[in-house]
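Please load the model in your viewer and keep the selection panel open.

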Amino acid sequence: KLADIYVSLKGGMGNQMFQFAAAYAKAKEFKMGLKIDLSYLESNAIETQSFTPRQFQLDAFKNTLSYINYQLNTKSLKREINNYNFQKKFYFERLIGYDFYLDDYFQSESYFYNYKQEILELFTFDIDNFSDLIKSYLIKIKSQNLVSIHIRRGDYLKPQMKSTHGLCDIEYYLKAVEFFKQKTNNPKFILFSDEPEEAEKELKPFLTDFITYKGDTTKNDSV
C-alpha cells in the first residue's frame, strides 16, 4: 500500500491553499499519496474573541476535491509534522513507508516552490460554476487595469485579534493608491472587505473613484 501524507486544513482560503500546496509538494517529492483532513474545520465551529471558524474553501478549485479523506484515524499515523521540522529532509526520510500528518500553516512558497507550476494548475477556478455577479467582475478585470484594495475589518476589530494581527491605517491605503496611480496606466480601484459598507465610509473621504464589491457567497467572496 502506498503511504499517505495527511494535511489538516485550517483558516480561510489563503491558509488552506498554503497547507495543501505544502503537502502536495512533499507527497510528490517522496512519491506518496495525499489526503485532506477536514476535522479541524468541522470541529471548531464556535466563534470567540480570539478565533473565527472557517469552512472548507478549496472546493472553489476544479482539482482539489478528490484529495478529501472522510475516514481519518489519526492514531494510525506515524508522526505529526509542523513548520519546524518540515524542511529537514532527513526527518522525512526516516518516515518513508509510513502515513504521517502535516499540521501547521506553512505560509511560504519555499515549502512548494519546486512544484509551483503543478500547484498553479491545481488551483484553477471552476469558472463555469461562478455566479453571474462574479462573472461580471471577471469581465471588468479583463477589460480594465483594475487594482484591488482590501480593508480587513470584521473579526480583526476584536481586541484580542487586533493586538495579534494589527490593522492598516488609512495612510497605508492612500500611499498604496498613489503608488499604483504612478505605476499603472489609468488604474481603476475596486474595494473588497468583510464589512464593505463600513470600509467604503472609511475610504470615501480620501478616494472617490472606486467601486465596491458588495458580496455574494462565502466561497465566491474568497475567490
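**Stop 1: strand β6**

Select residues 146-151, strand β6: V147, I149 and I151 make up its covered face, while L146, S148 and H150 make up the uncovered one. In a regular strand, side chains alternate between the two faces of the sheet. Strands and helices here are DSSP runs numbered from the N terminus (E, at least two residues, for strands; H or I, at least four, for helices).

The model is a predicted one, in which local features need pLDDT of at least 70 and side-chain atom pairs count only at pLDDT 80 or more, whereas totals for chains, interfaces and linings use all residues. Residues are numbered from 1 along each chain as its sequence is written, and side-chain values use heavy atoms, with hydrogens and water left out.

**Stop 2: the sheet**

Two strands count as paired if DSSP finds at least two bridges between them. Opposite L146 you will find K188 of β7.

Now show the open three-stranded sheet, ordered β6-β7-β8 with parallel pairing. Its edge strands, β6 and β8 (210-212), each pair on one side only. From one strand to the next, the twist averages 30°; angles run from 0 to 180 degrees between N-to-C directions, with axes fitted to C-alpha atoms, for helices over the stretch in contact.

Three bridges connect β7 and β8, again parallel, and I190 faces I211 of β8. Helix α6 (residues 132-143) packs on this sheet and touches β6, β7 and β8, its direction making about 160° with that of β8. Helix α9 (residues 196-203) also touches β6, β7 and β8, at about 135° to the direction of β7. Contact means heavy atoms within 4.5 Å.

**Stop 3: a pocket beside β6**

Which residues lie nearest the centre of the second largest pocket? Select I149, H150, C168, Y172 and Y173, from a lining of 15 residues. Elements giving two or more residues to this lining are β6 and α8 (170-183), and α8 gives the most, with five. A pocket is an open set of points on a 1 Å grid over the protein atoms alone, where a 1.4 Å probe fits, with protein on both sides within 12 Å along at least five of seven lines; lining residues have an atom within 4 Å of a point.

**Stop 4: β1 and β2**

Finally, select residues 4-8, strand β1, which pairs in parallel with β2 over five bridges. S8 has D37 of β2 as its bridge partner.

Note on methods: Buried means under 20% relative accessible area, exposed over 50%, partly exposed in between (1.4 Å probe, protein chains only).
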